Amino acid sequence: NCESPAWASYKETKDTHGEHYNQTIDDMPPDVVQKVDDMTKSDKVIYKAAVQRFIKDVEAMEQRFKVKILCSAQREKLHQKADSA
């Protein structure tokens, strides 16, 4: 329930399993970036559809159980990630 006061004290964790990456996409040669884009074109379509389906399913659960599961900020982040994929 994202409307619960308990969420204010939630501390997100991120486990990197000891791996560190200092490079960004800007460090890659343009031809490599293009090859990766070409190979992942279908992945982006599938990801966007999956995010849309996830949000739809969450909205159905919210209506069914009358509880807010996905807060507005997280919903917006998901939309932004799907749109930029």
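First, the term: a salt bridge here is a side-chain nitrogen of Lys or Arg within 4 Å of a carboxyl oxygen of Asp or Glu. Keep in mind that this is a predicted model. By that criterion, the structure holds 5 salt bridges.

I start with R75 and E62. Their side chains meet in a salt bridge, 3.2 Å from N to O. R75 sits in helix α3 and E62 in helix α2, so the pair ties together parts that are 13 residues apart in sequence. Are these two residues buried or exposed? Both R75 and E62 are buried. The pair also belongs to a network: salt bridges with shared partners join R75, E62 and E59.

Next, D83 and K48. Their closest N and O atoms are 3.7 Å apart. This pair links distant parts of the chain, with D83 in helix α3, residues 72-84, and K48 in helix α2, residues 41-65; the two are 35 residues apart. D83 has 56% relative accessibility, so it counts as exposed. K48 has a relative accessible area of 32% and is therefore partly exposed.

D57 and R53 both lie in helix α2, 4 residues apart, which is about one turn of the helix. Their salt bridge has its closest N and O atoms 3.1 Å apart. What does accessibility say about D57? D57 is at 35%, so it counts as partly exposed. R53 is at 54% relative accessibility and therefore counts as exposed.

That is what I have; I will take comments now.

How values were computed:
Residues numbered from 1 in each chain as written. Predicted model: local features only at pLDDT ≥ 70, side-chain atom pairs only at ≥ 80, totals over all residues. Heavy atoms only, no water. Buried < 20%, exposed > 50% of the residue type's maximum accessible area, 1.4 Å probe, protein only.
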